[in-house]
Amino acid sequence: MLRISRGQGRWRQVVWAGVAAALLAGGAGCKQKMSYQPRYDPLERSETFNDRSSARPLPAGTVARGFLRDDPEVFLGRKENGDYATEFPFPITEEVMRRGQERFTIYCTMCHGFSGYGNGMIVQRGFSPPPSFHAPETREKSVGYYFAVITNGYGAMPGHAHQIPVSDRWAIVAYVRALQLSQNASLDDVPAAHRSALDAPPPAPMNSRSADPHSANSHSGGAR
Ligand code: HEC
């Protein structure tokens, strides 16, 4: 009994001394490292590199995770051989079409007009008029061409790559195609069951939210 308790006492002393030493040494060492970590401030000069710049270019061929643009048809609107894509890279559902209509209304109508005739509000106030989407030479352009124009801009029209994500650009192209069809359709294009509806007064434009004041508020960010 006695021997055991003596032994335990010594064992405790040794352990406590060790813990205290570790705390002192570890604490001091830790503080130093945390306070004086080597790092550069943005654009700080560096002695390490020949150009003395601490901001380094990405090594050639590196791509941020999730940003690999490996399909030119999706990201450039062009096929492998460089020609403009003639097909949409994903199925055009009603959801995609509605998204395209909404994005077109936000990003294109001020110049191209709601129906795509090129008479948007800022054109009426003096901006260079775009061509009508319904002119034969514009209609026959491929979907990849439209995607590329939205992406890169065209003459007086600025590019929208920084504002409109890739999938939304395609959705807008789909909606432009719908607008084009809407202005060039014949009675034969309307399913027989829907023809009688053509004589009815037109529904309110889909972009008009005046019928629903709550919706108007939530979409414009405040009462107007
Ligand atoms: C600031 C006004 C403006 C905005 C916004 C704008 N465009 Fe344009 N767009 C133009 C003008 C102007 C031209 C003609 C440019 C020229 O010929 O120099 C044009 C040309 C085009 C063309 C080329 C037509 C052809 O004949 O080849 C397409 C396609 C087009 N726009 C689509 C769009 C779409 C889709 C959007 C919305 C994402 C959009 N534009 C937004 C002003 C605009």
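The chain holds 10 helices and zero strands, where helices (H or I, at least four residues) and strands (E, at least two) are DSSP runs numbered from the N terminus. Read from the N terminus, the order of elements is α-α-α-α-α-α-α-α-α-α. This is a predicted model, in which local features need pLDDT of at least 70 and side-chain atom pairs count only at pLDDT 80 or more, while totals for chains, interfaces and linings use all residues. Residues are numbered from 1 along each chain as its sequence is written.

Burial and contact come next. A residue is buried if 20 or more other C-beta atoms lie within 10 Å of its own, exposed if 12 or fewer, and partly exposed in between, with C-beta atoms placed from the backbone. Of the 224 residues of the chain, 12% count as buried. Two residues are in contact if their C-beta atoms, placed from the backbone, lie within 7 Å. Among contacts between residues at least 6 apart in sequence, 50% join residues at least 24 apart.

A nonpolar core is a set of buried Ala, Val, Leu, Ile, Met, Phe, Trp, Tyr and Cys residues joined through C-beta atoms within 7 Å. The largest such core has 17 residues, of which Tyr146, Phe147, Ile172, Val173, Tyr175 and Val176 touch the most other members. H7 and H8 are the elements that give two or more residues to this core. H8 gives the most, with eight residues.

On the H7 side, the buried residues are Val143, Gly144, Tyr146, Phe147, Ala148 and Ile150. These buried residues of H7 pack against H8. Seen from Val173, the contacts beyond four places in sequence are Val143, Tyr146 and Phe147. Ile150, placed in helix H7, is buried because 27 other C-beta atoms lie within 10 Å. Leaving out residues up to four places away in sequence, Ile150 touches His160, Ile164, Arg169 and Ile172. Of these pairs, Ile150 and Ile172 are 22 residues apart in sequence and 9.0 Å apart in space, C-alpha to C-alpha. Just after H7, Gly153 takes a positive phi of about 85°.

H8 also meets H3. Two packed helices are described by the angle between their axes and the distance between the axes. For helix H3 (residues 94-107) and H8, the axes come within 7 Å and cross at roughly 90°; axes are lines fitted to C-alpha atoms, for helices over the stretch in contact, and angles run from 0 to 180 degrees between N-to-C directions. H3 and H8 are therefore roughly perpendicular to each other, a label for angles of 65 to 115 degrees, with those under 35 counted as roughly parallel, those over 145 as roughly antiparallel and the rest as oblique. From H3, Val96, Met97, Arg99, Gly100, Gln101, Arg103 and Phe104 meet Asp168, Ala171, Ile172, Ala174, Tyr175, Val176 and Ala178 of H8. The residues of this contact of H3 with H8 divide into nine nonpolar, two polar and three charged. Here Ala, Val, Leu, Ile, Met, Phe, Trp, Tyr, Cys and Pro count as nonpolar, Asp, Glu, Lys and Arg as charged, and the others, Gly among them, as polar.

The ligand has 21 residues around it, and Cys108, Cys111, Pro130, Gly155 and Met157 come nearest. A residue is near a molecule or strand if its C-beta atom, placed from the backbone, lies within 6 Å of it. By class, this shell has 15 nonpolar, five polar and one charged residues. At least two shell residues come from each of helix H4 (109-112), helix H7 (143-152) and helix H8 (166-184).

Some loop positions remain. Ser115 is found between H4 and helix H5 (121-124), and is partly exposed, with 15 other C-beta atoms within 10 Å. Apart from neighbours within four places in sequence, Ser115 is in contact with Leu179 and Gln183. Ser115 and Leu179 are 64 residues apart in sequence and 6.4 Å apart in space, C-alpha to C-alpha.

Most residues other than glycine have a negative phi. Leu43, although not a glycine, has a positive phi of about 65°. Leu43 lies in the loop between helix H1 (2-35) and helix H2 (72-75), and counts as exposed because 8 C-beta neighbours are inside 10 Å. Arg52 has a positive phi of about 65° and is not a glycine. The loop between H1 and H2 holds Arg52, which is exposed, with 10 other C-beta atoms within 10 Å.
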